[in-house]
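Visitor: I would like to learn how to read a few features of a protein model. Could you take me through them slowly?

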Amino acid sequence: MRDTEYAQELCEPATIEWPNDEEGRIERLLIKESGNHEIRFSWWKRGRMAIRPLDLSEDDLILLLKDALIKNVFTSDFRSKLQSLL
């Protein structure tokens with residue numbers, strides 16, 4: 001798992017891969033400066049995080065969220081709150 005000056009990954013990121021060596025990710029991070037645990041949605045191109053936002057279809061979002069749930073990117077508290085919204 002990645003560990004940078006800014007943040008440390010707390011679990012394996014959820015990913016969805018597309019052609020041209022691109023992927024979308026959902027990551028659970030420990031932000032070092034604040035000590036907060038945060039969720040990052042990011043777009044990666046050729047192994048590097050792009051500075052543009054992650055844009056994806058609803059179908060791809062479902063696949064990415066499914067992978068995030070399988071990999072326990074979200075806490076049980078978040079899952080419960082999400083389920084109550086649905």
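Visitor: In which helix is the place of Leu85?

Guide: Please keep in mind that this is a predicted model. Leu85 has its place in helix 2, which covers residues 76-85, and Leu85 is exposed, with a relative accessible area of 69%. Together with Phe78, Leu82 and Leu86, Leu85 forms a nonpolar patch on the surface, and the four have about 460 Å² of accessible area together.

Visitor: Which residues of helix 1 are buried, and which are exposed?

Guide: A residue counts as buried when its relative accessible area is under 20% and as exposed when that area is over 50%. In helix 1, the buried residues are Asp60, Leu64, Asp67 and Ala68. They lie on the same side of helix 1, because they cover an arc of only 105° around the axis. Glu58, Asp59, Ile62, Lys66 and Ile70, on the other side of helix 1, are exposed. The buried residues of helix 1 pack against strand 2, strand 3 and helix 2.

Visitor: What links Arg2, Glu9, Glu27 and Arg40?

Guide: Side chains of opposite charge can pair when their charged atoms come close. Here, a network of salt bridges links Arg2, Glu9, Glu27 and Arg40. Arg2 pairs with Glu9, their closest N and O atoms being 3.5 Å apart, and Arg2 also meets Glu27 in a salt bridge of 3.5 Å, N to O. Because Arg2 lies in the segment before strand 1 and Glu27 in strand 3, this pair ties together parts that are 25 residues apart in sequence. Glu27 also forms a salt bridge with Arg40, at 3.0 Å from N to O, and both Arg40 and Glu27 are buried.

Definitions and conventions:
Residues numbered from 1 in each chain as written. Predicted model: local features only at pLDDT ≥ 70, side-chain atom pairs only at ≥ 80, totals over all residues. Heavy atoms only, no water. Patch = residues over 30% accessible without salt bridge, like charges linked within 9 Å, V, L, I, M, F, W, Y side chains within 5 Å. Areas by Shrake-Rupley, 256 points an atom, 1.4 Å probe, with all protein chains shown as cover. Salt bridge = Lys/Arg side-chain N within 4 Å of Asp/Glu carboxyl O. Helix = DSSP H or I, 4+ residues; strand = E, 2+ residues; numbered from the N terminus. Buried < 20%, exposed > 50% of the residue type's maximum accessible area, 1.4 Å probe, protein only. Arc of directions from axis to C-beta. Contact = heavy atoms within 4.5 Å.
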